[in-house]
Amino acid sequence: MCSLSLYNKPDYWSVKAKKEGFPARSVYKLQEMDKKFGLFAGFAKGPEQSRRFKVLDLGAAPGSWSLYALRRGGPGIFVLGVDLAPLSSHAQGACFDEERCTFLQGDLTRREIQEAVLAQGPFNLVLCDAAPGTTGNPGIDALRSLVLAEAALEYADQGLLTGGNFVVKVFQGGDTPRLLQGIRNRFKTGRSFKPGACRSTSFETYYLGLTHLPPPALEA
Ligand SMILES: C[S@@+](CC[C@H](N)C(=O)[O-])C[C@H]1O[C@@H](n2cnc3c(N)ncnc32)[C@H](O)[C@@H]1O
């Protein structure tokens with residue numbers, strides 16, 4: 001007898017993603033957050049935007065969020081994706097144009113990857129949809145997810161422009177309230193949001209930091 005796991009069964013969002021040319025259903029999570037919170041705020045507004053709008057996409061494979069950013073932003077955008085895994089061949093094709101998109105394959109928590117990424121900043125938007133391989137133990141999975149989310153916040157600390165936005169996936173459980181507080185300390189608004197396209201069985205949610213604050217002035 002054939003048993004399809006719940007996650008292998010194509011659902012409404014997976015079918016829609018395929019039809020619209022995205023390799024993963026997760027694109028609709030980003031789209032919903034963008035529509036609700038204006039993640040690309042400041043893009044294509046006036047002469048200031050003769051500067052590229054740069055997006056950092058951590059945990060980018062198979063590439064739906066990078067493709068969304070490329071389509072959303074048009075010619076004036078630059079997307080840097082990072083992942084342990086390669087992009088899908090479709091997303092690789094879109095990223096072939098190095099003027100608008102670059103991909104680094106590696107571990108986002110490693111110092112050398114962080115240095116290579118930051119050298120291409122600063123960024124207007126930092127996204128992190130990275131998720132650890134799950135073990136089935138919710139405590140361990142939440143802890144591993146938190147390590148990735150904290151690393152993403154460090155990228156934002158070092159590479160996000162003042163006024164920029166930040167989105168990070170977290171698995172609920174673990175010390176996520178401390179992470180959210182850390183986001184609230186650095187952004188005008190920090191909040192959590194679970195998009196409709198998240199699977200109802202999933203522990204994941206997203207934390208958003210909207211309008212990055214300037215770094216605190218050093219005391220004399
Ligand atoms: C849910 S997928 C991201 C989907 C992507 N946003 C999209 O729309 O196509 C999570 C990704 O996180 C990546 N990941 C997990 N740990 C990572 C790490 N330490 N460094 C880089 N990528 C990592 C995985 O390889 C996986 O591709």
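Colleague: What pattern does the chain follow when read along the sequence?

Modeller: The pattern is α-α-β-α-β-α-β-α-β-α-β-α-β-β. This is a predicted model, in which local features need pLDDT of at least 70 and side-chain atom pairs count only at pLDDT 80 or more, while totals for chains, interfaces and linings use all residues. Residues are numbered from 1 along each chain as its sequence is written.

Colleague: How many helices and strands are there, and what makes a stretch count as one?

Modeller: The chain has seven helices and seven strands. Both are DSSP runs numbered from the N terminus: a helix is H or I over at least four residues, and a strand is E over at least two.

Colleague: Why is the chain called as compact as a globular protein of its length?

Modeller: The radius of gyration, taken over C-alpha atoms, is set against the globule rule, 2.2 Å times the number of residues to the power 0.38. For 220 residues the rule gives 17 Å, and the chain has a value of 17 Å, close to it, so the chain is as compact as a globular protein of that length. Along its principal axes the C-alpha trace spans about 70 × 40 × 35 Å.

Colleague: What makes a residue buried or exposed?

Modeller: C-beta atoms are placed from the backbone; a residue is buried with 20 or more other C-beta atoms within 10 Å of its own, exposed with 12 or fewer, and partly exposed in between. Of the 220 residues, 36% count as buried.

Colleague: Why does Gly42 count as partly exposed?

Modeller: Gly42 has 17 C-beta neighbours inside 10 Å, and therefore counts as partly exposed. Gly42 is placed in the loop between helix H2 (27-37) and strand S1 (53-58). Leaving aside residues up to four places away in sequence, Gly42 touches Asn124 and Gly163; such a contact requires C-beta atoms, placed from the backbone, within 7 Å.

Colleague: Why is strand S4 (123-128) described as largely enclosed?

Modeller: Six of the six residues of S4 are buried, so S4 is largely enclosed by the rest of the structure. S1 is likewise mostly covered, with six of its six residues buried. From S1, Phe53, Val55 and Asp57 point one way, and Lys54, Leu56 and Leu58 the other way. In a regular strand the side chains alternate between the two faces of the sheet.

Colleague: How do you know which strands pair with S1?

Modeller: Two strands pair if DSSP finds at least two bridges between them. S1 and strand S2 (77-83) pair in the parallel sense over six bridges, with Leu58 opposite Val82. Four bridges join S1 to S4, also parallel, and there Val55 has Leu125 as its bridge partner. S4 in turn pairs with strand S5 (residues 160-171) in the parallel sense over five bridges.

Colleague: What makes a set of residues a nonpolar core, and where does Leu58 stand in the largest one?

Modeller: A nonpolar core is a set of buried Ala, Val, Leu, Ile, Met, Phe, Trp, Tyr and Cys residues joined through C-beta atoms within 7 Å. The largest has 54 residues, and Leu58 is among those that touch the most other members, along with Val126, Cys128, Ala152 and Val168. Not counting residues up to four places away in sequence, Leu58 touches residues including Val82, Leu108 and Tyr155.

Colleague: What makes a residue part of the shell around the ligand, and which come nearest?

Modeller: A residue is near a molecule if its C-beta atom, placed from the backbone, lies within 6 Å of it. There are 23 such residues around the ligand, of which Gly59, Ala61, Ser64, Leu108 and Asp129 come nearest. Helix H3 (64-73) and S2 each supply at least two residues of this shell.

Terms used. Two residues are in contact if their C-beta atoms, placed from the backbone, lie within 7 Å.
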